[in-house]
Amino acid sequence: MIKPILFWLLAMLTAPFFSAVILKVKAFFGGKKGPPILINYYTLFKLFQKGSVYSHSTTFIFKMGPMISLGAAVTALLFLPIAGQPPMFSWHGDVILVLYLLGLGRFFTIAAAMDTASPFEGMGAAREAYFPIICEATLFLTLILFFMLSGELRLSAYFFGGEPLHLWRAAGAPLFFVVIALFIVLLTENTRVPVDDPATHLELTMIHEVMVLDHSGPDLGMIELGSYIKLFFYSTIVTRLIWPYDMGNAFVDGALFAAAMLAVYGVVGITESVMARYRMDKVPKFVLTSFALVFFATIITLEFMK
Amino acid sequence: MKTAFKEIENGKPTEREAIPHLPFTDFRREALSMVRGGGRVVHFFGYEEADAVKLMAVLRDDDRLLAAGCDAPEAYDALTRECEPFHMFEREIAEQFGIRPEGHPWLKMVRYHPNYRSAPDVFGNDYGEDIPGRYDYYAVDGQEIHEVAVGPVHAGVIEPGHFRFNCIGERVLHLEIHLGYQHRSVEPLLTGNDYRRWPIIVEGIAGDTAIGHGLCMAQAVEGLTGLEVDAGARISRTIALEFERIANHVGDLGALSGDVAFLPPANYCGRMRGDFLNMSLWMCGNRFGKGLVRPGGVRFPMTDEDRKVLTGRIDELQPQVAHVIGLLFGTSSVRARFDGCGAVSRSDAGHLGLVGPAGRACGLPYDARRVFPTENYRRLSIPENAEPTGDVYARAKIRGDEVLQSIDLIRSMLRNPVETAIIEEWPKDFAPGAVVATVNEAWRGEVSHCLITDDAGKVVRYKIKDPSFHNWNGLAMSLRDTGISDFPLNNKSYNLSYCGFDL
């Protein structure tokens, strides 16, 4: 029981570090030095020391938003086999709970944004509500595929130990499609380029950032931490699929997992550096691509498995 | 075309007697027929003399500047009703002199200040309240319409202006732009002050166009005093104007790239903009070229050493600039954002009177450097730029092309060692009873100053026009039926001046 707790804590501790890797990669492509690699820890430390400012027009919903979104991300992590280690909790159907935990976090972020009655935040909320719906279709189709391959509806049945290797053996090449699709979902869910630009200062073009404009101090810190953890969550899933091996030693597995995670974060950074973001009305098409990919993967796999 | 308007020369004073003073009805008819026949409005303003308000218009056709004046009636049939390019100018006259253009389709204040002669206010404003934005904005009705208000305090470190979007979903139906927050009364400030202070004042009209406005003022004073500028000074001024153009265009191309989240050009352009500003610094000790241009010449000579240093720096930068511009336009995801975004048709651009890169992007090739050459431009061949599409891509492309062309122009001028005399003395008296209009192509487009002196040689009217005065409505037009999330991109593709408009 100690090991899962340890990895769970380790995941939350290292999530801000991994996010900073993206900043470093982007800085490299931009010909800059970039911020220090521990920048996100400094930011969190700074934010948690501050006080919060609340608008008179907001209600308790506004204050609940950050807490629930962080809480949801942290709870979702409890079910995830990190570095191939057993998760803290696992039961039949936990995947659906996890997906809706993350959905709950988003719901309250949106509700908090609407609570401010700012036209900017309303626009951001509308966009934030729209794009992940398409992601959900992709995720559920992936779930159907994984269920057919493994016969189980648990995260640990897909990502624990050598399980991902079984998925590869059963599905073969179509799983590449799934990896790409999940990477697109990762970019969308975590508001990265080409869907959103986390670095922009222009409210009118923002999706996620504009929704948290009114949050300050510890509230903003919770939102930031929650977003690091959420990114870690999706990256772990992609990482386990591209590095499906199990060495049998927690330490070695952890190190190799970290290296593979760095690669995934690095690819996110490279994606952000080599392309512009899409026009807002093109984004749904991009996200739908992930659905199409998984759809084909499922069809092909079904055919082979008959 | 035959017209009652009198042809005047750019930068040369014309005696006021020689400029036709028409009865208002004739003036109106002639001006309308000029502009309908393809002419454009350079200036249309009022001025007060002996307790009477008079109007003066400077128009241009393909290769001439034409001027005429008239007495201003207290109210008249708006020219805008029949000919849109007068739209902003008539609003400005109404604001400055309380003269009402009857039937003007959009009689809205321009900058929010009481008129100069304490006539009843045309807009019914109480100027005791110091908020320009207190005004009923154009609104769209409907269940699904939402309004977004942006500014006057902005997210980026830019100037104040208020933007009111009427949207249906993500689509903008109408954008109304409200400015005036930076109004400093520059025009009365100039006539009220000794002309020796003018250089400092005009360089502050729009800090990023210090050379453009500085040149217009200097040429006007030179025209009125008969001061000769030596060839070396002409070259230095031309180089300074081109450096200003390059630095701003490069900076904006970088910002456009940053707005679509394509980082490499954003970073490199930011650095290269600094490199070009530093060349202005090398020339005169100020990154924006302030303090270089003065009536009669320049304050800093260009030595052989300077030419060597600048040529060396340009030789090093040119391949980098070409590479980064190539990278920006060669990246398909960037083109996907630029192409077709915020397009303005050529005919709309003509009605709005767009100038500069914004006009050239809509297929209006007018470039004051070619049509009304001043300084050293007569000796240079300025290529004709025009893009047909009128979208963000066209505006960016024009600017990218101009950067590379300007680098070549500067390089060719640096090859030519000419002695420069430094000016030390101030010019003496202004020609009495004269009108002078100066036109220069600054980086945003046509900058023009127009001065009128009385019989004692005192300046009774100093009229300034920044290209932003024409182009702000182009931005509003670009946003019609465009996604609201593309507003920052369009805004940056114009990058208009708030203070240059507000005066």
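This is a predicted model: local features need pLDDT of at least 70, side-chain atom pairs count only at pLDDT 80 or more; totals for chains, interfaces and linings use all residues.

Biologist: What makes B:Val58 and B:Ala67 a pair?
Modeller: B:Val58 stands opposite B:Ala67 in S6(B). Their strands, S5(B) and S6(B), pair in the antiparallel sense over seven bridges. Two strands pair if DSSP finds at least two bridges between them. Helices (H or I, at least four residues) and strands (E, at least two) are DSSP runs, numbered from the N terminus.

Biologist: How many residues separate S5(B) from S6(B) in their hairpin?
Modeller: Four. S4(B) and S5(B) also form a hairpin, with two residues between them. B:Ala50 in that turn has a positive phi of about 50°.

Biologist: How do you know that S4(B) and S5(B) pair?
Modeller: Nine antiparallel bridges join S4(B) to S5(B), and at least two are required. B:Arg40 faces B:Arg60 in S5(B).

Biologist: Why is strand S5 of chain B called mostly covered?
Modeller: Seven of the nine residues in S5(B), 52–60, are buried. Buried means that 20 or more other C-beta atoms lie within 10 Å of the residue's own; exposed means 12 or fewer, partly exposed is in between, and C-beta atoms are placed from the backbone.

Biologist: What makes the largest nonpolar core a core?
Modeller: The term covers a set of buried Ala, Val, Leu, Ile, Met, Phe, Trp, Tyr and Cys residues joined through C-beta atoms within 7 Å. This one has 240 residues. A:Ala76, B:Leu59, B:Ala67 and B:Ala437 touch the most other members. Helix H10 (217–242) of chain A gives the largest share, 13 residues. In soluble globular proteins, nonpolar side chains tend to be buried together.

Biologist: What does B:Leu59 touch?
Modeller: Leaving out residues up to four places away in sequence, B:Leu59 touches several, among them B:Phe5, B:Met34, B:Val41 and B:Leu66. Contact means C-beta atoms, placed from the backbone, within 7 Å.

Biologist: How do you know that chain B has domain 1 and domain 2?
Modeller: The bounds come from an automatic or database domain assignment. That assignment gives domain 1 (6–102) and domain 2 (194–199 + 206–465). Their C-alpha centres lie 27 Å apart. The contact takes 22 residues from domain 1 of chain B and 24 from domain 2 of chain B. S4(B) gives the most to the domain 1 side, with seven residues.

Biologist: Which classes make up that side of domain 1 of chain B?
Modeller: Eleven nonpolar, four polar and seven charged residues. Ala, Val, Leu, Ile, Met, Phe, Trp, Tyr, Cys and Pro count as nonpolar, Asp, Glu, Lys and Arg as charged, and the others, Gly among them, as polar.

Biologist: What makes S2 and S16 of chain B edge strands?
Modeller: The open sheet runs S2-S14-S15-S16 (chain B), with antiparallel pairing. S2 and S16 (459–465) each have a single partner strand, so one side of each is left without a neighbour in the sheet. Inside this order, S14(B) and S15(B) share eight bridges. B:Ala437 has B:Cys450 in S15(B) as its bridge partner.

Biologist: How many residues link the chains?
Modeller: 26 residues of chain B are in contact with 22 residues of chain A. The chain B side has 14 nonpolar, seven polar and five charged residues.

Key. Residues are numbered from 1 along each chain as its sequence is written. Chains are lettered from A and ligands numbered from 1 in the order in which they are written. Two residues are in contact if their C-beta atoms, placed from the backbone, lie within 7 Å.
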